[in-house]
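Please look through the structure shown here before reading on. The note is written for someone new to protein models.

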Amino acid sequence: MYNSKITGLGFYVPENVVTNEDLSKMMDTNDEWIQERTGIKERRWIKEGSEDTTAVMGAKASRIAIERAGLTKDDIDFIVFATLSPDYYFPGGGVQLQEMLDMRTVGAVDIRNQCSGFIYAMSVADQFIKTGMYKNILVVGSEFHSGGLDKSTRGRGVTVIFGDGAGAAVLSRTEDNTKGILSSHLHSEGKHAKELIVESPSIMHWVPALIAENDENDESYYPYMNGTFVFKNAVVRFSEAIIEGLQTNNLEATDIDMLIPHQANLRISQFVQKKFKLNDDQIYNNIMKYGNTTAASVIIALTEAWELGKIKDNDLVVLAAFGSGFTWGSVIIRW
Ligand SMILES: CC(C)(COP(=O)(O)OP(=O)(O)OC[C@H]1O[C@@H](n2cnc3c(N)ncnc32)[C@H](O)[C@@H]1OP(=O)(O)O)[C@@H](O)C(=O)NCCC(=O)NCCS
């Protein structure tokens, strides 16, 4: 059995900054409410007319990650692409990346696990590397939320939270089994699917029927979120996933050098930080600048923390996420 190690990281966010003040001009909200409840000050939203899409942003982040890995596109054996906002209903974003990066006809798979998408994507890639099937896998999380949000007061409970962006990692085979991904842990609980959902369009709510109805009041195109319920479940599941990962590897919370929690809400991250008694330099948050970028959030935060020199050789790095599904999980890495 091999281990997989992160050899390259990259991220890309659109340049258009949308502040809380900007949102207050679109809907009945204010900077104080948003910062107090979520910690978010601003987020990036793709500007109308921009070339950026979920796949395009994913490709931009990927080019950086591949270059930093010291590889070329031709060294990549497989693509794992996580998103809840693909450019098309089908085909998925993975095949778009294969084309955009002008890659060999390598396999490409999409992961549809929302906020925990990147954790699932890392775990999937890790299994392919561990078994020896592939050597270098491109793992991407990318999200274009702003095109699908309700920017009226009706949508304010959801819309203020989400931002656009992408991140990518190259996972490579190593024969040193003390380094790289030590374990990953995945969970789901579908009975809560409707607590955080976009219901249509779908096979059940198919497009011609929606067009025929032409009902402006139909909210099912927009994300629905039972925020309080999601919050309560998130704090429990984040903690469980971290404990499960630590226990599997006979580690304790004091062994954590860097926790990268999915950037759902700064209050959730602070709760987890307090629970595990972590200092400010043992956790990295950037939701203040980017909002919640769902499948991109963990990889953007990981990349930024690494770029800032906050992650060093041999550090114990813990990634954890929770989101729609519900799905949640963790990845434990010896850097
Ligand atoms: C979304 C969230 C910030 C809302 O905070 P909350 O304290 O639960 O607030 P509520 O939804 O109960 O709303 C409280 C009030 O603020 C109002 N409100 C909602 N959004 C608002 C906004 N953007 N600006 C101003 N007021 C707003 C509500 O209408 C409500 O008003 P009312 O009391 O008059 O009815 C919080 O529930 C949360 O972060 N949940 C987890 C979300 C998450 O992590 N999602 C990603 C999945 S991982």
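The points below take the ligand, a helix pair and some backbone details in turn.

1. This is a predicted model, and every remark below should be read with that in mind.

2. The ligand is surrounded by 22 residues. Thr29, Arg156, Gly227, Phe231 and Ala264 are the closest of them. Two or more residues of this shell come from each of helix 2 (31-38), helix 6 (156-159), helix 8 (227-248) and strand 12 (316-323). The biggest share is that of helix 8, which supplies five residues.

3. What is the make-up of the shell around the ligand by residue class? Twelve of its residues are nonpolar, eight are polar and two are charged.

4. Two packed helices are described by the angle between their axes and the distance between the axes. For helix 8 and helix 9 (residues 266-275), the axes come within 10 Å and cross at roughly 40 degrees. The crossing is right-handed.

5. On the helix 8 side of this contact are Phe231, Ala234, Val235, Phe238 and Ser239. They meet Ile268, Phe271, Val272 and Lys275 of helix 9. Sorted by class, the contact has seven nonpolar residues, one polar and one charged.

6. The next points concern the backbone. Most residues other than glycine have a negative phi, and most peptide bonds are trans. Ser200 and Pro201 are joined by a cis peptide bond, with omega about 0 degrees. Pro201 sits in the loop between strand 9 (196-197) and helix 7 (207-213). Another cis peptide bond runs from Gly325 to Phe326, and its omega is near -15 degrees. Phe326 belongs to the loop between strand 12 and strand 13 (327-334).

7. Asn250 is not a glycine, yet its phi is positive, at about 55 degrees. It is found in the loop between helix 8 and strand 11 (258-261). Is Asn250 buried or exposed? It has 7 C-beta neighbours inside 10 Å, and therefore counts as exposed.

8. Lys277, also not a glycine, has a positive phi of about 55 degrees. Its place is the loop between helix 9 and helix 10 (287-290). Lys277 counts as exposed because it has 10 C-beta neighbours inside 10 Å, and the cut-off for exposed is 12 or fewer.

Definitions and conventions. Residues are numbered from 1 along each chain as its sequence is written. This is a predicted model: local features need pLDDT of at least 70, side-chain atom pairs count only at pLDDT 80 or more; totals for chains, interfaces and linings use all residues. A residue is near a molecule or strand if its C-beta atom, placed from the backbone, lies within 6 Å of it. Helices (H or I, at least four residues) and strands (E, at least two) are DSSP runs, numbered from the N terminus. Ala, Val, Leu, Ile, Met, Phe, Trp, Tyr, Cys and Pro count as nonpolar, Asp, Glu, Lys and Arg as charged, and the others, Gly among them, as polar. Axes are lines fitted to C-alpha atoms, for helices over the stretch in contact, and angles run from 0 to 180 degrees between N-to-C directions. A crossing is left-handed if the near helix is turned anticlockwise from the far one by less than a right angle, and right-handed if clockwise. Two residues are in contact if their C-beta atoms, placed from the backbone, lie within 7 Å. A residue is buried if 20 or more other C-beta atoms lie within 10 Å of its own, exposed if 12 or fewer, and partly exposed in between; C-beta atoms are placed from the backbone.
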